[in-house]
Amino acid sequence: MSEFISDIKLYWQPYVFSQIASLILLYFAWKNTRIARGMLSVVFFAAFVVNTLTAIKHPNAYLEYADQAIPVYSDFIHGWFSQHPIEIVLAIAAGQALIAIGMSLRGWLMRGACIGSILFLLSIAPLMVGSAFPFSITVSFAVWLVLRQDDGNYLWKKQSSHPVKK
């Protein structure tokens, strides 16, 4: 626990910003799922851009996540991941792009993006401070609210009073 606190102290500004952002996303998921979907689309698109550029220009930057991660993740990062960071991060970035697009679509594409984002966010939680834990748990819950409460229509269409058939 003391390592977690030390890591937060080291990265306190982005950590606090991430926690505030997660609470804002949670609020909008509760109050207006359309706004939350739009925000999630922007967040995942930004993550796609940042991860793509970083993977290409500075792939070894991702090895630093091992320092804050739980042991099994740390071992994976120092092991197989360290030999293939570009390929793995570009695959993750592609998934983030699909989630960003899917959040704006309708029906099963939107629901698939929600499920994919929940799985992704839960899978990065063990990176701890490297994923701004508990950011990913809070945002997973926000996405779950969107999945349950959104009308499932295109993001750019006026919200209907009747949900689209699933």
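Trainee: Which residues do ring pairs link into a cluster?
Mentor: This is a predicted model, in which local features need pLDDT of at least 70 and side-chain atom pairs count only at pLDDT 80 or more, while totals for chains, interfaces and linings use all residues. Residues are numbered from 1 along each chain as its sequence is written, and side-chain values use heavy atoms, with hydrogens and water left out. Rings of Phe, Tyr and Trp (its six-membered ring) pair if their centres lie within 6.5 Å; planes under 30 degrees apart count as stacked, over 60 as edge-to-face and the rest as tilted. Linked by such pairs into a cluster are Tyr 27, Phe 28 and Trp 30.

Trainee: Which residue lies over the face of Trp 30?
Mentor: A charge sits over a ring if NZ of Lys or CZ of Arg is within 6 Å of the ring centre and within 35 degrees of the ring normal. At 4.3 Å from the ring centre of Trp 30, the residue over its face is Lys 31.

Trainee: How many aromatic pairs does a search of the whole structure find?
Mentor: A pair of aromatic rings is described by the distance of the centres and the angle of the planes. Searching the whole structure for such pairs gives a count of nine.

Trainee: How far apart in sequence are the parts that the pair of Phe 44 and Phe 120 ties together?
Mentor: These two rings are edge-to-face, 6.1 Å centre to centre with 65 degrees between the planes. Helices are DSSP runs (H or I, at least four residues), numbered from the N terminus. Phe 44 lies in helix 3 and Phe 120 in helix 6, so the distance in sequence between the joined parts is 76 residues.

Trainee: Is Trp 156 buried or exposed?
Mentor: Buried means under 20% relative accessible area, exposed over 50%, and partly exposed in between (1.4 Å probe, protein chains only). Trp 156 is stacked with Tyr 154, at 4.7 Å centre to centre and 20 degrees between the planes. Tyr 154, at 28%, is partly exposed. With a relative accessible area of 57%, Trp 156 is exposed.

Trainee: How many residues does the largest nonpolar core have?
Mentor: A nonpolar core is a set of buried Ala, Val, Leu, Ile, Met, Phe, Trp, Tyr and Cys residues joined through side-chain atoms within 4.5 Å. Leu 40, Phe 44 and Met 103 are among those with the most contacts inside the largest core. Helices 2, 3, 4, 5, 6 and 7 each supply at least two of its residues.

Trainee: Which helices do the buried residues of helix 3 pack against?
Mentor: Buried residues here include Leu 40, Ser 41 and Phe 44. Contact means heavy atoms within 4.5 Å. The partners of these buried residues are helix 2, helix 5, helix 6 and helix 7.

Trainee: Which residue's backbone oxygen does the side chain of Ser 74 reach?
Mentor: Ser 74 sits in helix 4 and is buried at 12% relative accessibility. A polar contact is a pair of N or O atoms within 3.5 Å; within protein, one must be able to donate a hydrogen and the other to accept it, and residues adjacent in sequence count only if both atoms are side-chain atoms. At 3.1 Å, the backbone oxygen reached belongs to Ala 66.

Trainee: What is omega at the cis peptide bond joining Phe 133 and Pro 134?
Mentor: Pro 134 is in the loop between helix 6 and helix 7, where Ala 132 is also found. Ala 132 has a positive phi of about 60 degrees although it is not a glycine. For the cis bond between Phe 133 and Pro 134, omega is about 15 degrees.
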